[in-house]
Amino acid sequence: MLSIQKQILEKLGICSDLSLLRVVLDGIPPRRDSKLLIKDLKVDEVPLRIYQPKQPPTGKRRGILYFHGGAGTFGSITFERICRYIAKKCNSVVVSVGYRLSPEHPYPGQYFDCLNATLYFMRNLEEYHVDPALIIISGDSCGANFATVICQILLNKRDLPKVRAQVLLYPGLQGLDFHLPSYQQNASVPLLFRKLVIYFCFRYLNKEPSVLEDVLQNCHVPESMKQKYKKWISADIIPDKFKIRGYVPQKTTSYKPEVHEAVKELLAITFSPLLAEDAIICQLPESYIVTCEFDVLRDDGLLYKKRLEDNGVQVTWYHSESGFHGILAFFGYGIFSFSSGKKIMDSTVNYINSL
């Protein structure tokens, strides 16, 4: 049905599926906030929106970079309600990064935009009265993927302050296994269906979706790679309590070299930071991870939590038993918001305030 509606809209010249999504998900702009100073600027053509409490600081504040979700193809710095909430509740400076979107700005440009915005902020902390020992890098969904990658990249930037923590809200972190328990259990759960994950990956990478079904069956992964990474990405590692709700182990599928060649970017460390070596993971900052029970990406968060802990990185984990992917897009919309989303945000604020 969605496909038919999309075709009708495009034939009428009204809009494409992507432009419609962008308009809808940008949401309704909130009212002015008397408690915040909000400033827009551009850094290397990347829009930033900076939120600062109006009340004069009594000391240095935390500095929080926030990368919004949207599969790298939609979303913007108008993800206001979360950033405002964090800025006020944590008495922090929040920098929302409007990285440029694919396919107009091809992958992996989004990572460079996020990195450049991060470097700008870290080199101008004094201007924003931010404590260099309290820099937090955060994001939701694919924005949490960007945050993870940026934290890994910054390990080589010895001239910059060390990141205090990474805050990852229902992150997507790997393109190797689309048959993990959460992918099976939540295949048809809104807002992010299992097939939609692959579809958005293809849109993000600017690929034709001709091999979508093959990728759903993991035919894009060479056997040697499956064997190499099964210690990190495997249903066997997921705690049993997350397999109760209708999980069936996948039957062996045949590797198709032509499919691998078409979508090999899915298996790059940039796209799949869960595949980074232990030598990188062990250096990462303290982490806060949110997972949602009714989310195809739930197990990405669980697997990353285990990898970090196995490498001696402190992890604070919040699992929303009734949450679903994208629940925070409704946060702050009154009767349209969900109590689970409010609980996620309050837990996140409590964690940030504990640093």
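How many salt bridges does the count come to? I took a salt bridge as a side-chain nitrogen of Lys or Arg within 4 Å of a carboxyl oxygen of Asp or Glu, and by this rule I get 20 salt bridges.

Ground rules first. I am working on a predicted model, where local features need pLDDT of at least 70 and side-chain atom pairs count only at pLDDT 80 or more, while totals for chains, interfaces and linings use all residues. I number residues from 1 along each chain as its sequence is written, and side-chain values use heavy atoms, with hydrogens and water left out. For helices (H or I, at least four residues) and strands (E, at least two) I use DSSP runs, numbered from the N terminus.

Entry: I looked up Glu127, which forms a salt bridge with Lys39, the closest N and O atoms being 3.6 Å apart. Glu127 sits in the loop between helix 4 (109-122) and strand 5 (130-140) and Lys39 in strand 1 (residues 36-43), so the pair ties together parts that are 88 residues apart in sequence. Side chains of opposite charge can pair when their charged atoms come close.

Entry: annotations. In the UniProt record (unreviewed entry), I find "domain: Alpha/beta hydrolase fold-3" covering residues 64-207 and 269-328. UniProt positions are given in the numbering used here, feature names are shortened, and annotations may be inferred rather than shown by experiment. For residues 269-328, I note that the end C-alpha atoms lie 27 Å apart and that the span is 28% helix and 32% strand. The unreviewed UniProt entry also carries "active site" for Ser141, Asp295 and His325. These residues are spread over 185 residues of sequence but cluster in space, the largest C-alpha distance being 10.5 Å.

Entry: backbone at Ser141. I place Ser141 in the loop between strand 5 and helix 5 (142-154). Ser141 is not a glycine, yet its phi is positive, about 55 degrees. Most residues other than glycine have a negative phi, and most peptide bonds are trans.

Entry: cis bonds. I find a cis peptide bond from Ser102 to Pro103, with omega near 5 degrees. A cis peptide bond also joins Tyr107 and Pro108, where omega is about 5 degrees. Pro103 lies in the loop between strand 4 (93-97) and helix 4, and I place Pro108 in the loop between strand 4 and helix 4 as well.

Entry: helix 4 on helix 5. Which angle do helix 4 and helix 5 pack at? I read about 60 degrees, with the axes 10 Å apart. Axes are lines fitted to C-alpha atoms, for helices over the stretch in contact, and angles run from 0 to 180 degrees between N-to-C directions. Among the residues that meet, I list Tyr111, Leu115 and Leu119 in helix 4 and Phe146, Val149 and Ile153 in helix 5; contact means heavy atoms within 4.5 Å. The residues of this contact divide into 10 nonpolar, 3 polar and no charged. Here Ala, Val, Leu, Ile, Met, Phe, Trp, Tyr, Cys and Pro count as nonpolar, Asp, Glu, Lys and Arg as charged, and the others, Gly among them, as polar.

Entry: helix 3 on helix 13. I find helix 3 (residues 80-89) and helix 13 (residues 339-354) packed at about 40 degrees, their axes 10 Å apart. Ile82, Tyr85, Ile86 and Lys89 in helix 3 meet residues of helix 13, including Met345, Asp346 and Val349. By class, I note 6 nonpolar, 1 polar and 3 charged residues in the contact of helix 3 with helix 13.
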